[in-house]
Protein chains: 2
Amino acid sequence: MNIDVERFLQDLDTLRQIGRFNDTGVHRPTFSDDDMESRRWLAREMEAVGLEATIDGIGNVFGRNKGPGPFVLVGSHLETQNYAGWLDGVLGVVAALALARAGMSVDVCAYCDEEAHFGDFIGARSLIGQFSEQDMDAARNRHNGSPLRDALKRVGLDGVPRLRLDEARYKGAFEMHIEQGTQLERAGERIGVVTGIVGIRQWKIIVEGQQDHTGGTTMAERRDAGLSAVRILAAIDNEFPRVCGPRSVWTTGKIVLEPNSAQIIPGRAELYFSFRDLDPNILDAMERCLRSICQEANRRERCTVSIEPIGHTTPSPCDPSMQAALRQAASELCPGKWQSMPSGAIHDSQILSQLLPVSMLFVPSIDGISHHYREDTSPDDLRLGLQVLARGVELFLAG
Amino acid sequence: MNIDVERFLQDLDTLRQIGRFNDTGVHRPTFSDDDMESRRWLAREMEAVGLEATIDGIGNVFGRNKGPGPFVLVGSHLETQNYAGWLDGVLGVVAALALARAGMSVDVCAYCDEEAHFGDFIGARSLIGQFSEQDMDAARNRHNGSPLRDALKRVGLDGVPRLRLDEARYKGAFEMHIEQGTQLERAGERIGVVTGIVGIRQWKIIVEGQQDHTGGTTMAERRDAGLSAVRILAAIDNEFPRVCGPRSVWTTGKIVLEPNSAQIIPGRAELYFSFRDLDPNILDAMERCLRSICQEANRRERCTVSIEPIGHTTPSPCDPSMQAALRQAASELCPGKWQSMPSGAIHDSQILSQLLPVSMLFVPSIDGISHHYREDTSPDDLRLGLQVLARGVELFLAG
């Protein structure tokens, strides 16, 4: 295996120039001119390393290996969040290209729009046959509401056929990514072998009370939706530690009081609450706990509480033998400097996992920063990550 | 005493037509064309009942009694909140006019801008000498930021002298008002004799943590400002009942999380919290409790908590002999159908109380609604309110 690590770093830098902003950042939303330039660049590079390149009818850039199998699929995504960083997604695509350049039995794919400018994983879902023509009709740009179909027309992809993954062709799918957290950095480690992508359950908790003036309404008369909301959140804070797992997380990121005015008793509160874990049993336990808390609130409080699921992904465990190959590679290349860890963030691999065994490899994010122009990883960690990925793929293909 | 109750109702209706909206509501912000029309109407009516009328250089409409003293000052305000009701403020002005019409020894005043389009009680503060030329220079319309001076120029009041209250002239100041709550209605009562206007202490509680991604940040790493805020509010909910008085109220009306996004751990939270009571010792106890909770939060939480006073009014107890006169009047005219009660809302009388003994009389608000086009009081309650006020003033002037 002769992996060109410096060319890999150079490719990362080349892509950083396309849509560069604020010196270190990249702004390359899906189907922007810069985004399409990066897709065409990738297709040319795929051809240059001997792959058969296609940009399909939803923007996936696919490089098919012309050699004999068995193959693994390796990739991630090219587009960025608005005004974001240079490594999120791109790293996994350029690493996959480097494996192909080294002559490994890989297909390379940049799954389109993981960053959800037009929808949830539309590229990866299209590849596995879970994004219909009706879904395409309905998809809109989440920033400006313009139709996906118009964007595809503008970039010349309307009417271009969409690829479908030939699952029989692959032993599995690998994805290398930045951690987007600080667990590796805090532990002083350089590689994370991902055990799985956590499932997420998201909820809107709605509390309905009575809007009133703070001055004229006695405490005994009030139906304060904000206060009932605080009691629910305090109960979650007390009860969730009893049912969670060691890597569970739960978060209230958004609170909307109505009218949210200092001198008016809130008549309504909306709480946006979510929790994540790799274990479906723990997710179920947390959901039962949440439902009990809301039920109890309806017994105790003067306000009425309802709960509405607003998002739900199932956990995607990584394939044990693919994980074993990556652990072996990490043990060889950075002994004592790696850990197994779940991915708290979502990734294309969780879509692919519906058809293929998947596995992911993390490199550290400096200060845990992503989706920001300061997103970065040290060149040595980037080099090591590529080498561990290559060695892991080699071991997996051999075993 | 020969009080013309039907003329009083007719005057209320006349003023309702000036700035009427949505059939039952009134939109008459300070120094709008409709507001100035209502002020000129009042000045004409004052003259018609024998008072010497002045619209002063800050918009106060003052009717000076030409008879022999001793006098009481009676009034309230004419302007409304935006798109609000027909009785808030106007009731007290029209009632005062009715007393003057009946030949009672009253001066009548519509204190300008109690509804704070340009500032806090600017009319009443100007009358008692607590609104300087510099204050006038600085005052801005809170909706559009335009200077008070420009508004005064537009309505022809710039350069007009401002009146100063001759405190030696009065035995006290009365104000009749709608309750703006449901305590009378719920008790099935028709008159509230106000014991005082509560003091208000308003705070901004600032919680500073670390904004992070919900997926990649373990519970052990987080500095969740929203969570610390919830714990502070839960502590207030637990501790305030131990220190409050029987009529204390406390409210968190506004919560601002940053960035307030479902999938991001809040890095900062601002809580707008206030409490009210008539007793300064209870206000002090509640403030000590709040400060202790924030101090304790700084010991326990990973986020830092600071507290900033953003408003402070002192309680204004009503004068005992004026209250006694109103209680006597209520006992005569609606025995068993009245109560003594604090005013949770703020009123011009609290400014006047710095110079004069003050007292207030409440009539019921249907459904507790005010600052809304549905604000209303039954005609019978309006009639009774005027009669109790007149009788109370008569008793007070006689005693």
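A pocket is an open set of points on a 1 Å grid over the protein atoms alone, with protein on both sides within 12 Å along at least five of seven lines, where a 1.4 Å probe fits. Its volume is the space filled by probe spheres set on the points. This is a predicted model, in which local features need pLDDT of at least 70, side-chain atom pairs count only at pLDDT 80 or more, and totals for linings use all residues. Residues are numbered from 1 along each chain, chains are lettered from A in the order in which they are written, and side-chain values use heavy atoms, leaving out hydrogens and water.

**The second largest pocket**

- The second largest pocket holds about 1100 Å³ of space.
- Its lining counts 37 residues, each with an atom within 4 Å of a point.
- Closest to its centre are A:Ala116, A:Asp120, A:Arg276, A:Ile346 and B:Gln263.
- Strand E9 (199-208), strand E14 (304-313) and helix H11 (349-352) of chain A each give two or more residues to this lining.
- Helices (at least four residues) and strands (at least two) are DSSP runs, numbered from the N terminus.
- E14(A) gives the most, with 3 residues.
- By class, the lining has 22 polar, 8 nonpolar and 7 charged residues.
- Asp, Glu, Lys and Arg count as charged.

**The annotated binding site**

- An unreviewed UniProt entry gives the annotation "binding site" to A:Asp88, A:Glu115 and A:His371.
- Such annotations may be inferred rather than shown by experiment.
- These residues span 284 residues in sequence, yet no two of their C-alpha atoms are more than 10.0 Å apart, so they gather at one spot.
- A:Asp88, A:Glu115 and A:His371 are included in the lining of the second largest pocket.

**A:Asp88**

- A:Asp88 sits in the loop between strand E5 (71-76) and helix H3 (90-101) of chain A.
- Its relative accessibility is 4%, so A:Asp88 counts as buried (under 20%; exposed is over 50%, partly exposed in between, with a 1.4 Å probe and protein chains only).
- Leaving aside residues up to four places away in sequence, A:Asp88 touches residues including A:His77, A:Glu115 and A:His371 (contact means heavy atoms within 4.5 Å).

**A:His371**

- A:His371 lies in the loop between strand E17 (358-363) and helix H12 (379-398) of chain A.
- At 28% relative accessibility, A:His371 counts as partly exposed.
- Among the residues that A:His371 touches, beyond four places away in sequence, are A:Tyr83, A:Glu115 and B:His213.
- The side chains of A:His371 and A:Asp88 make a polar contact (3.0 Å), a pair of N or O atoms within 3.5 Å, one able to donate a hydrogen and the other to accept it.
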